[in-house]
Structures are given as C-alpha cells and as structure tokens.
Amino acid sequence: MSYTPQLRELIKKVEATRADRVKKGNFRRMTMDERDEVLSKFHPDFIEASMRKLTFGVNRGDKIPHELADLIEARSLIEGLKFDLEKIAYDVDVLVVGGGGAGASAALLAQEQGADVLMVTKLRFGDANTVMAQGGIQAADKENDSPAIHYLDVMGGGRFENVPELARALTNDAPIALKWLEDLGVMFDKFPDGTMKSIHGGGTSRKRMHSARDYSGAEIMRTLRDEVRNRGIRVIEFCAVVELLLDSDGKAGGAVLYNMETGEYEVARAKTVILATGGSGRLHYQGFPTTNHYGATGDALVIGYRAGAKMAFMHTIQYHPTGAAYPPQILGLLITEKVRGLGAEPVNIDGEQFVYHLETRDVASAAIIREIKERGKGITTPTGMVGVWLDSPMIDIIHGPGTVEKELPAMVRQFARFNVDIVREPMLIYPCLHYQNGGLLIDENGMTAVENLYVAGEAAGGIHGGNRLMGNSLLDIVVFGRRAGRHAGARAKDIKVKKLSLNHVDAYHKEMEAAGVDTGGRVSPMLLPRYTHRVE
Ligand code: SIN
C-alpha cells in the first residue's frame, strides 16, 4: 500500500519547507515549564481515568494502569491444582526465568561464579524485546563524555525521579558492558580506524548511542544466545513460570514451571531466582498498539507481587513517539529513534516542525498528540488513523546520499514492502506503546525485598524513573543482567533452601478478599495475550 495521491499532495508541503528547515538548524528546545505543561495535558500517563489505586499488597495506595491492575487483582492461575512440592524436577543453584538479553547476561555471569544454572523461557530463547530494539545502546566511551554526564542525562530524562544508586550503577557499568559485548562478538558500527560510531538519542547531551545499523538488539541477542549455548548452559524453551516458590523463611526457593507444549506443571528448586521476563506491552495500555514481542504480558510483576516484591514506577509507561501510523499493516511497529538521531524532524500537515527532534520520548510523544488533538495539524491516513510526518529524507541531505540505506536498512525494507521509499518520502507516525518505565524494585545487585529473588531487564524498576532514554534499555539488560547473575551465582554457594511452599499465594488470595476486591473471575499471570473472543 503505497502513499495515496492525496498523501502525495500533502508530502509536497513537507518538501517545500525542507531546505529551509535544514538550513535553519535545530528547533528550539522546550523549557522545563513547557515540558511539564505538555506532559500534564497530553501524555497518556496523565489521564486520571487510565489508572486505579491498589487496595492491598506492598503497593497498597499506589496507582497503576487498569490493564495491569486487572492482573494483580486476580487469582493464581494454578489455584486448586494439586502439587507435590517434594517432587523436584529440577534442582539448581540459579534459576533464570526469561530468554532475552537480561536473562542471557544473567545466566552467563551466574555460571562464571561456578553456579549450576537453568534458564527457562516461555517462548523460544531470544523471543524478547531485546531483538526488537533497533537504535542502539548508550555508554560513555568518548573523550568528551563520562559516566557522570551520562548519569545526569539519565536523571534528567527520568524527570529526576530515578533511584540514584541504580542510575549510577547503570552509567558506571556502561563502558564495561559495551566492551564485554564487543569482546563476545557484537559487531558494532565503526569508522575505518576502528573507533566506534556514536550518535545522539533523545535527551542525550553527548553522542553515545552505539549501534549495529538499525538491528542493534538482534545483533546483541544473537551474540548472547550463542554464548549461552556455547558455554553449555541448560535452556528449556516453551516453559513458563506461573508462580514463585518461597521457603519456610520466606525466601525465594524456586518456581512452578508450566510446560507450554505438554501442559504439565513441574517444580524447580533453586537457591536463587532471577526474573527476566521483560515488559508488559502486550497488555495494550489504553488500547495502544505496541512494539513489544508476543510474550510481553508482565508475568514477573504478577508473580513477584504475590511473593511480596514491590513495584516501582508502574504508573509511567513509555509511548515511543515514532510508531508507524501508516501503512496499516505495520501500525504501531517501531520506527527507531535512530531516525530522529540522524536528524529527521517531526513535521505537521503544513510542513512545519513543531517540536525539537531530540526531545525525550515522553515530551516528543505528548507534543505529537497535542499537534493532532489540540492544534488539528495531523494528517489523516486512508484508514482514519491520524499521524504526523517524520521527515526521513532530511537524513541524506544532512549526512550525504546513501546514509538512510546504510544506517537504516531494516527501516528501508520495512517500508519498501509497502512501496514507501523512506529515502525520498517521509513516514507517517503516531506514538505507540513501547516500554514499562518501572517494574519490580531492585537494589544495585538486582535483588528485590524478597531475599534471593532477583529481577533484571525491563521487569525491574527504579533505574529509569519516570521516563527512560533511548539506548538505556539495551544497556540496562546487560548491566543489571550481569549484576544479578554475578550476585545470585556467588550467593547461591552459601544457601540451603528450606521447605518450599505456595503459602504466600494463599495469603495473597486472603488479603485480596479482605480488601473486598472483585476479581471478576480473572486469573493470572496471563502468559500469552488474548486477541480472540471464545464463542461458547
Ligand atoms: C529505538 O530504536 O528507538 C528503540 C530502542 C530503545 O527503546 O532504546
């Protein structure tokens, strides 16, 4: 589905202003007051009716989106099933739950401590948001940069709400993480002299975004997955965790596994458990289409909360400003921020730029929604979806012919399938659901308040505060995956797991009943999104 004649007519207005926009240079950045105003009026997180307060559990009184609250206020998927918790199918030092970049990093570092590691993953090893991340990974590795400057950017991007110790760990470890990945074999983009290429992302004050073209996450996952396999770490695919097991001291001691192929339940005993199950984009908060992979259903939040781990920042969801609004076949798919990083500007129906192209994601998304909803300057696509332009042809004008094809080959192919040529024609965009800024609160070693329970990657909360910057997710999966793996692996040596139970699940049900919650028959975790209605 290429652009219609009507859209081609509108593209002429973008072309008419392009040379002038390139010549004028950067659009003015918003002041702090302007940022606050556009966020409070137009960012989806600020819609009061989109959230509700939890009435029980460690986050009692905190607001979270209804879609997540529906899973928290639900009974256990395995309630009523009879388990012999003495029948241990797997007895390991470290159980890693999740087969994305965080899980793989954790498994590798845990094994380096001499631990016997088992990884279980709900889909295939590598089916994760990691592979969907396109634009890059941040690390301060240039002379004009430092972890301290990176730290300030992270805090500013997070509205200064981040847990400082976690932001510090993230940015201090970043150069180490980058080198580790390179040593393992990640093919980062480089100049002929061997130095790493790096560009800006939204909200960065230095060029520290390192990429592998526009499939950075896929390249990182390829490398980590190979390494896990080469080191002989046991991985069980199509195996979900449906509930954690605590021992008689209330410490994490394993999990109930669900074999998605056979439908069987099994018990894994583990001295430490690392949850790396990713985010919750498939809950489609507020009906937004998502960039997330099929398994992103917030499982760690549900089972972790039942076990007593606290959620942090789950009232802040990241809407990526540049989701595809057209063609409809790719609605909501990610258009990497690298497109903005290379200079492409968001432009309205009159060909006017309305926001600095490298504002942070929350502000850029809110500004796009304002341009459409308040100012009426959006472009209506043939399906009725309204978006704005992202002027990709600027990139070759700024950096020279061939740049788009060289730097963004996946984007070029994604649009060429529908006869849209992003080298010459702008893209139509609208914010899409990309990331949960929060998750289960961890300390600097990745441990939650539940002893021996660790969380890494998107499932973890506190690092990014109210809004994550681009490239800090590929970074956090590696930094906190490594930290959690190292700590959990080393700690496992001294742990003796006591008698296992699911008593915490019974207690959770009782607490929910006492709070008068009507679960409406819901059970959780969800495990897979539901896109069909069963006809009874
Ligand atoms: C992107 O390339 O825009 C996504 C990567 C990220 O979320 O950091």
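Biologist: Is Y508 buried or exposed?
Modeller: Y508 is buried, at 4% relative accessibility. Buried means under 20% relative accessible area, exposed over 50%, partly exposed in between, with a 1.4 Å probe and protein chains only. This is a predicted model: local features need pLDDT of at least 70, side-chain atom pairs need 80 or more, and totals for chains, interfaces and linings use all residues. Residues are numbered from 1 along each chain as its sequence is written, and side-chain values use heavy atoms, without hydrogens and water.

Biologist: How many aromatic pairs are there?
Modeller: Eight. Rings of Phe, Tyr and Trp (its six-membered ring) pair if their centres lie within 6.5 Å; planes under 30 degrees apart are stacked, over 60 edge-to-face, the rest tilted.

Biologist: Why is the pair of F56 and Y508 edge-to-face?
Modeller: The ring centres are 5.2 Å apart and the planes stand at 70°, so F56 and Y508 pair edge-to-face. F56 is buried too, with a relative accessible area of 1%.

Biologist: Which parts does that pair tie together?
Modeller: F56 is in the loop between β1 (51-53) and β2 (63-65), and Y508 is in helix α16 (residues 503-514), so the pair ties together parts 452 residues apart in sequence. Helices (H or I, at least four residues) and strands (E, at least two) are DSSP runs, numbered from the N terminus.

Biologist: New topic. Which residues of α6 are buried?
Modeller: In helix α6 (residues 147-157), they are H150, D153, V154, M155 and G157.

Biologist: What covers them?
Modeller: The cover includes β6 (137-138), α7 (164-184), α11 (361-373) and α15 (472-492). Contact means heavy atoms within 4.5 Å.

Biologist: And what comes just after α6?
Modeller: R159, with a positive phi of about 60°.
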